[in-house]
Amino acid sequence: MRKKIVAGNWKMNTGKQEALQLVQDVLSSLSPLAAHQHLVFCPPFVHISSIQEVLRSGKSSNVHLGAQNCHDKASGAYTGEVSIPMLRDYGVDHVIIGHSERRQYFNESNEFIRTKVDALLAEGMRVLFCCGEPLEIRESGTQNEWVKKQLEESVFHLSPEQMKQGIIIAYEPIWAIGTGKTASSEQAQEMHAFIRHIVRTHFGESVADELSILYGGSCNAGNAAELFACPDVDGGLIGGAALKAETFLPIVAALR
């Protein structure tokens with residue numbers, strides 16, 4: 001059975017005490033997770049050390065600490081950047097790569113994202129690889145070609161074993177991020193099925209069947225159960241709804 005995952009991407013939100021309280025509130029009310037169900041907290045870099053201590057006390061192998069980005073170099077004169085070995089030293093084992101905000105605001109190309117993917121896998125990390133189309137692409141009906149290109153240029157060079165062990169895909173329709181709009185369950189399933197299809201074509205049945213594909217476009221407590229019921233939707237990459245325990249916990253509870 002492939003993993004069902006909910007990852008909370010806090011983006012540039014929360015002060016230290018707010019961050020600690022949020023994790024504690026989630027963990028204190030979290031129902032036991034099944035073996036195939038996983039939860040990932042992705043706080044801002046400055047909170048990672050503090051949250052690591054909270055997660056250590058929880059002692060659940062199904063609850064993970066993630067980061068929102070990384071540099072592709074292990075060290076060097078890159079002012080303001082954070083390396084993968086630094087993240088690993090603080091217990092991070094999942095890293096979000098290629099989020100639409102990184103692509104849009106920081107001009108990260110498919111080729112540059114590929115270097116981060118390679119660096120993360122070389123360090124034994126799991127990659128939460130984001131892909132998805134802007135509104136104009138969706139309206140033109142070319143979203144499949146757009147997403148296929150992102151995958152081909154950033155992860156399709158990997159071996160089947162690397163893909164199986166290290167990659168989680170998060171489909172994020174850019175037009176539904178922070179807008180209050182959400183792809184319908186039919187739209188989400190259609191794209192997730194397409195992604196699994198092209199992965200199957202390139203890597204084979206085994207990789208496609210085990211690949212977790214998350215939905216990342218304004219998923220919330222009200223629509224999570226319907227989205228997660230789709231056969232190819234394996235959970236969610238959650239933004240705003242991950243910032244409060246009362247809105248995040250129902251999403252985790254919706255995992256199948």
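1. **Helices α1 and α12.** In this predicted model, the axes of α1 and helix α12 (residues 245–253) come within 10 Å and cross at roughly 40 degrees. The crossing of α1 past α12 is right-handed. On the α1 side, the contact uses Leu 22, Asp 25, Val 26 and Ser 29. On the α12 side, Ala 245, Phe 248 and Leu 249 take part. By class, this contact has 5 nonpolar, 1 polar and 1 charged residues.

2. **Helices α1 and α2.** Now turn to another partner of α1. Helix α2 covers residues 48–58, and its axis comes within 10 Å of the axis of α1. The two cross at roughly 20 degrees. Angles under 35 degrees count as roughly parallel, so α1 and α2 are roughly parallel to each other. Here too, the crossing is right-handed. From α1 come Lys 16, Ala 19, Leu 20, Val 23, Gln 24 and Leu 27. From α2 come Ser 50, Ile 51, Val 54 and Leu 55. The contact divides into 7 nonpolar, 2 polar and 1 charged residues.

3. **The largest core.** In soluble globular proteins, nonpolar side chains tend to be buried together. The largest nonpolar core in this model has 73 residues. Which members touch the most others? They are Val 117, Leu 151, Ile 169, Ile 195, Val 199 and Phe 228. Helix α9 (residues 185–203) gives the most to this core, with 7 residues.

4. **Val 117 and a second core.** Take Val 117 as a worked case. Leaving aside neighbours within four places in sequence, Val 117 is in contact with Ile 97, Val 127, Phe 129, Ser 154, Val 155, Leu 158 and Ile 167. A second, separate core has 11 residues, including Cys 42, Cys 130, Leu 214 and Leu 237.

5. **Thr 14.** Most residues other than glycine have a negative phi. Thr 14 is not a glycine, yet its phi is positive, about 85 degrees. Thr 14 sits in the loop between β1 (4–9) and α1 (16–29). Is Thr 14 buried or exposed? Its relative accessibility is 18%. The cut-off for buried is under 20%, so Thr 14 counts as buried.

6. **Asn 107.** Asn 107 also has a positive phi, near 55 degrees, in a residue other than glycine. Its place is the loop between α4 (100–105) and α5 (110–122). The relative accessible area of Asn 107 is 66%. Exposed means over 50%, so Asn 107 is exposed.

Notes
Residues numbered from 1 in each chain as written. Predicted model: local features only at pLDDT ≥ 70, side-chain atom pairs only at ≥ 80, totals over all residues. Heavy atoms only, no water. Core = buried A, V, L, I, M, F, W, Y, C linked by side-chain atoms within 4.5 Å. Buried < 20%, exposed > 50% of the residue type's maximum accessible area, 1.4 Å probe, protein only. Helix = DSSP H or I, 4+ residues; strand = E, 2+ residues; numbered from the N terminus. Contact = heavy atoms within 4.5 Å. Axes fitted to C-alpha atoms, helices over the stretch in contact; angles between N-to-C directions. Parallel < 35°, antiparallel > 145°, perpendicular 65-115°, else oblique. Left-handed = near helix turned anticlockwise from the far one by under 90°. Nonpolar A, V, L, I, M, F, W, Y, C, P; charged D, E, K, R; others polar.
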